[in-house]
Amino acid sequence: MPNPLILVVEDEPHMRRFLRTTLRANGYHVVEAATAREGLMQAGGRNPDLVLLDLGLPDRDGREVTRELRRATRAPIIVVSARGQEHEKVALLDLGADDYLTKPFGAAELLARIRVALRHSAQPPDALEEPVFLAGGIMVDAIRRQVIRDGEEIHLTPTEYKLLATLVRQVGRVLTHRQLLQEVWGANYTGQTHYLRVYMAQLRHKLEADPTRPRLLITEPGIGYRLREEPARSRIDSR
């Protein structure tokens, strides 16, 4: 995606300056808003490729702004906020935010999250993706429904495979417990977080070199899980 346009909705001048400088230095176009009202107007009028949204705006609640932005645009929304409470992050992700960065954060982490979000948004919903995922000695072959670790085939149960495939399709993004439970088990199981704990432990035991110190299947405490992205990889389509 050449020179994406990023909308920064942030009321603190020094943070806005940091984001503007970082983004422009890395080839992004930037449009800024200091209030929720201005941000929603810019989202509707400028059609940004991605939105960086601060929650501590002077005129609107962050959850409400997230909900309205999601109605106004399909662009990824990355929340950037000093609020680090787990329930806040979960609520925003379930409302449609794509990711969450807690202040303070570094430029490298910000840029990595932006790259992930933009790449996912660039994939049409019905696009066929490369059927192989590679990372950390793990290969997932969606055509054969095979999982290979260091050259050896690993047997996964159907549920384990579905959970892994869900994480692979969203590689690099945090998925909430609710999102994973709904995708893997169905809408009637969104409160059964113990299912995830059990099956994630099983996956780590089978796929991680040291299940107690996972490198790929990462826990976002109180929120959900993320499959860590590595540079040398391709993606999966489990359809």
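Me: Which residues of helix 4 (residues 86-95) are buried?
Reply: The structure is a predicted model. Helix 4 spans residues 86-95, and G96, which follows helix 4, has a positive phi near 125°. The buried residues of helix 4 are E88, K89, V90, A91, L92 and L93.

Me: What covers the buried residues of helix 4?
Reply: Both helices and strands take part in the cover. It includes helix 3, strand 4 (77-81), strand 5 (99-102), strand 10 (174-176) and helix 7.

Me: Which residues does V90 touch, not counting residues up to four places away in sequence?
Reply: V90 is found in helix 4 and is one of the buried residues there. Its C-alpha atom is separated by 13 Å from that of R173, 83 residues apart along the chain. Not counting residues up to four places away in sequence, V90 touches T176, G222 and I223.

Me: Why do helix 2 and helix 3 count as roughly parallel to each other?
Reply: Helix 2 (residues 36-46) and helix 3 (residues 62-72) have axes 10 Å apart. Angles under 35 degrees count as roughly parallel. Helix 2 and helix 3 are therefore roughly parallel, with a packing angle of about 10°.

Me: Which residues of helix 2 and helix 3 meet?
Reply: The contact of helix 2 with helix 3 has five nonpolar residues, no polar ones and one charged. From helix 2 come A36, L40 and A43, and they meet V65, E68 and L69 in helix 3.

Me: How do the residues in the contact of helix 1 with helix 5 divide by class?
Reply: Helix 1 (residues 13-25) and helix 5 (residues 107-122) pack at about 65°, with axes 11 Å apart, and their crossing is right-handed. On the side of helix 1 the contact is made by F18, L19, T22 and L23, and on the side of helix 5 by A107, L110, L111 and I114. By class these are seven nonpolar, one polar and no charged residues.

Me: Are helix 6 and helix 7 parallel or oblique to each other?
Reply: The axes of helix 6 and helix 7 come within 10 Å and cross at roughly 125°. That crossing is right-handed. Angles over 145 degrees count as roughly antiparallel, and 65 to 115 as roughly perpendicular. Helix 6 and helix 7 are therefore oblique.

Me: How many nonpolar, polar and charged residues are in the contact of helix 6 with helix 7?
Reply: Helix 6 brings T159, K162, L163, T166, L167 and R169 to the contact. Helix 7 brings L180, E183 and V184. The residues divide into four nonpolar, two polar and three charged.

Me: Which element gives the largest share of the largest nonpolar core?
Reply: This core has 28 residues, of which V147, L163, L164, L167 and L227 touch the most other members. Elements giving two or more residues to the core include strand 6 (132-135), strand 7 (138-141), helix 8 (193-207) and strand 12 (224-227). The largest share, six residues, comes from helix 6.

Me: Which residues is L227 in contact with, leaving aside neighbours within four places in sequence?
Reply: L227 belongs to the largest nonpolar core and is among the members that touch the most others. Leaving aside neighbours within four places in sequence, L227 is in contact with F133, L167, V168, V171, G172, R173, L216 and L217.

Me: How many residues are in the other core, which includes I6 and V8?
Reply: This core lies apart from the largest one. L50 and A117 are also among its members. The count is 18 residues.

How values were computed:
Residues are numbered from 1 along each chain as its sequence is written. This is a predicted model: local features need pLDDT of at least 70, side-chain atom pairs count only at pLDDT 80 or more; totals for chains, interfaces and linings use all residues. Side-chain values use heavy atoms; hydrogens and water are left out. Axes are lines fitted to C-alpha atoms, for helices over the stretch in contact, and angles run from 0 to 180 degrees between N-to-C directions. Helices (H or I, at least four residues) and strands (E, at least two) are DSSP runs, numbered from the N terminus. Contact means heavy atoms within 4.5 Å. Ala, Val, Leu, Ile, Met, Phe, Trp, Tyr, Cys and Pro count as nonpolar, Asp, Glu, Lys and Arg as charged, and the others, Gly among them, as polar. A nonpolar core is a set of buried Ala, Val, Leu, Ile, Met, Phe, Trp, Tyr and Cys residues joined through side-chain atoms within 4.5 Å. Buried means under 20% relative accessible area, exposed over 50%, partly exposed in between (1.4 Å probe, protein chains only). A crossing is left-handed if the near helix is turned anticlockwise from the far one by less than a right angle, and right-handed if clockwise.
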